[in-house]
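Student: I am new to this structure and would like to learn how to read it. May we go through it feature by feature?

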Amino acid sequence: MISVVEDLPALRISERPNARDAQGSNPAVVDVELRTRQGHVVVPVQLELVPQWRGGHRTWWRCPRCGARRGVLHAVAMASGPQLGCRGCFGLAYASQRLSRAQRRSMKVPSASMA
């Protein structure tokens, strides 16, 4: 099973056309089509507009599996067909979270000396 986010197709709200220009309190449900070798599935995904304190709004996906507000949803190929959900639903982590402490330490950028 794939366990890191970087290996999966992602549906980012920031890349959705007109995500920032949506009008109204809550836009309709968006049908997302997932295609795999097994066929295709259409998954209805709700959008939520959240007002911002300085005006305007921010658009979020509602995870079709758990209902949480998310900026990114991932497509995962399962035995039952393709599924769409958030990182938490699929138990996904970022690649850096799978590294040991020693590996993470070796990746750190040394701080500049104050001279």
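Predicted model: local features only at pLDDT ≥ 70, side-chain atom pairs only at ≥ 80, totals over all residues.

Student: Which residues have the most contacts inside the largest nonpolar core?

Tutor: In soluble globular proteins, nonpolar side chains tend to be buried together. Buried means under 20% relative accessible area, exposed over 50%, and partly exposed in between (1.4 Å probe, protein chains only). A nonpolar core is a set of buried Ala, Val, Leu, Ile, Met, Phe, Trp, Tyr and Cys residues joined through side-chain atoms within 4.5 Å. In this protein the largest such core has 13 residues, and V32, L34, V45, W61, L73 and L84 have the most contacts inside it. Strands β2 (30-36), β3 (39-51) and β6 (72-78) each supply at least two residues of this core. Of the 115 residues of the protein, 27% count as buried.

Student: What is the count of disulfides?

Tutor: A disulfide is a pair of cysteine sulfur atoms within 2.5 Å. By that rule the count is 0. The sulfur of C63 has its closest cysteine sulfur in C89, at 3.7 Å, which is too far for a bond. C86 is in no disulfide either, as the sulfur of C89, the nearest to it, is 3.6 Å away. C63 counts as buried at 4% relative accessibility, and C86 counts as buried at 1%.

Student: With which residues does E48 form salt bridges?

Tutor: Side chains of opposite charge can pair when their charged atoms come close. A salt bridge is a side-chain nitrogen of Lys or Arg within 4 Å of a carboxyl oxygen of Asp or Glu. E48 pairs with R62, the closest N and O atoms being 2.6 Å apart. E48 lies in strand β3 and R62 in strand β4 (residues 57-62), so this pair ties together parts 14 residues apart in sequence. E48 also pairs with R69, with closest N and O atoms 3.3 Å apart. Shared partners join E48, R62 and R69 into one network.

Notes. Residues numbered from 1 in each chain as written. Heavy atoms only, no water. Helix = DSSP H or I, 4+ residues; strand = E, 2+ residues; numbered from the N terminus.
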